Amino acid sequence: MAALKLYLLMLAVTLVLDVVDFHFKKKECADELFGAFPFINFGATTCLKLFVSNWLSIQIMVVAPLSRAPQIVNIFKAKSAEGVSLAAQYLEIFIYSSTAVYNIHHGHAFSTWGESTFQLFQVLLIVSLMLAYSSRYLTLSTIFIAFGFIMYSATAELIPEEIINAAQHIASPARTVSKIFMIYEVYKQKTTGQLSFTSNFANVLGCVVRVFTTLAEVADPAVLFFHIVGLVSNIAVISLFFIYPKSLEVEKKTN
């Protein structure tokens with residue numbers, strides 16, 4: 001019940017933020033929709049679609065900083081990354097980095113892709129925990145130095161546009177490969193271990209929303225394909241929770 005109340009509160013707050021944000025960003029559409037307030041002009045379908053898309057984007061931006069929190073908590077509490085593929089996390093650093101750089105370079109509205117930034121920093125934290133718990137501090141330091149150098153070069157426009165575009169196109173198949181690594185890790189260990197159902201389910205919902213907002217606001221085939229691939233691959237990961245137990249130790253106790 002408490003979770004439902006919190007969710008309803010979030011919907012109400014983000015709706016208010018959407019109305020304010022929409023008024024400043026798309027004043028003509030806002031006037032067309034809400035000109036006869038408290039009545040809404042549902043006949044203005046184009047503006048209504050943009051309004052809903054903007055609202056969904058704001059919701060994602062609010063939730064995104066905590067989307068992987070359950071995963072991070074699982075690893076931290078267990079002091080183990082059982083069931084979590086390190087190779088998949090490496091790929092996700094590349095995926096979210098290239099997505100952020102691509103969208104910045106092409107001037108897409110932050111509200112249509114900003115959660116990639118939050119996802120990126122959460123994945124970096126997950127990798128940090130995984131490497132720290134296995135005492136691989138040199139690898140951890142190397143990753144952060146390389147990441148900092150590449151991100152600086154990209155945002156300072158030292159990397160050619162062709163490479164930025166190519167990286168975004170590679171990000172879609174890379175997203176599939178990262179999930180394959182994750183699926184293989186679970187299959188190998190016969191347990192979902194420290195994988196979080198909540199985090200992965202949030203990823204599925206996020207991809208559904210992003211397919212809609214991309215169609216409504218961005219109309220970039222590369223970005224749309226990226227989110228469709230993400231939706232399919234995240235659904236595949238979610239299915240693992242219905243096939244394998246959370247922990248082999250739990251299964252043994254149950255038996």
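Predicted model: local features only at pLDDT ≥ 70, side-chain atom pairs only at ≥ 80, totals over all residues.
Biologist: Start with H4. Which residues are buried there?
Modeller: Gln71, Ile72 and Ile75, in helix H4, residues 69-78. Buried means under 20% relative accessible area, with a 1.4 Å probe and protein chains only. Helices are DSSP runs of H or I, at least four residues, numbered from the N terminus.

Biologist: Why are those three on the same side of H4?
Modeller: They cover an arc of only 95 degrees around the axis, which puts them on the same side of H4. The arc is taken from the directions from the helix axis to the C-beta atoms.

Biologist: What covers them?
Modeller: The cover includes helix H6 (115-133) and helix H9 (197-218).

Biologist: And what follows H4?
Modeller: Lys79, with a positive phi, near 50 degrees.

Biologist: New topic. How many disulfides are there?
Modeller: One, counting pairs of cysteine sulfur atoms within 2.5 Å. Cys29 is joined to Cys47, S to S 2.1 Å. Cys29 sits in helix H2 (residues 27-34) and Cys47 in helix H3 (residues 45-63), so the bond links distant parts of the chain, 18 residues apart.

Biologist: Left-handed or right-handed?
Modeller: The torsion about the S-S bond of Cys29 and Cys47 is about -75 degrees, so the disulfide is left-handed.

Biologist: Are those cysteines buried or exposed?
Modeller: Cys29 is buried at 13% relative accessibility. Cys47 is buried too, at 6%.

Biologist: On to the cores. How many residues has the largest nonpolar core?
Modeller: It has 32 residues. A nonpolar core is a set of buried Ala, Val, Leu, Ile, Met, Phe, Trp, Tyr and Cys residues joined through side-chain atoms within 4.5 Å. Among those with the most contacts inside it are Ile93, Leu120 and Leu195.

Biologist: Which helix supplies the largest share?
Modeller: H6, with eight residues.

Biologist: What does Leu195 touch?
Modeller: Leaving aside neighbours within four places in sequence, its contacts include Gln71, Asn74, Met182 and Phe241. Contact means heavy atoms within 4.5 Å.

Biologist: What about another core?
Modeller: Another core, of nine residues, lies apart from the largest one. Cys29, Leu33, Phe34 and Leu50 are among its residues.

Conventions:
Residues numbered from 1 in each chain as written. Heavy atoms only, no water. Buried < 20%, exposed > 50% of the residue type's maximum accessible area, 1.4 Å probe, protein only. Helix = DSSP H or I, 4+ residues; strand = E, 2+ residues; numbered from the N terminus.
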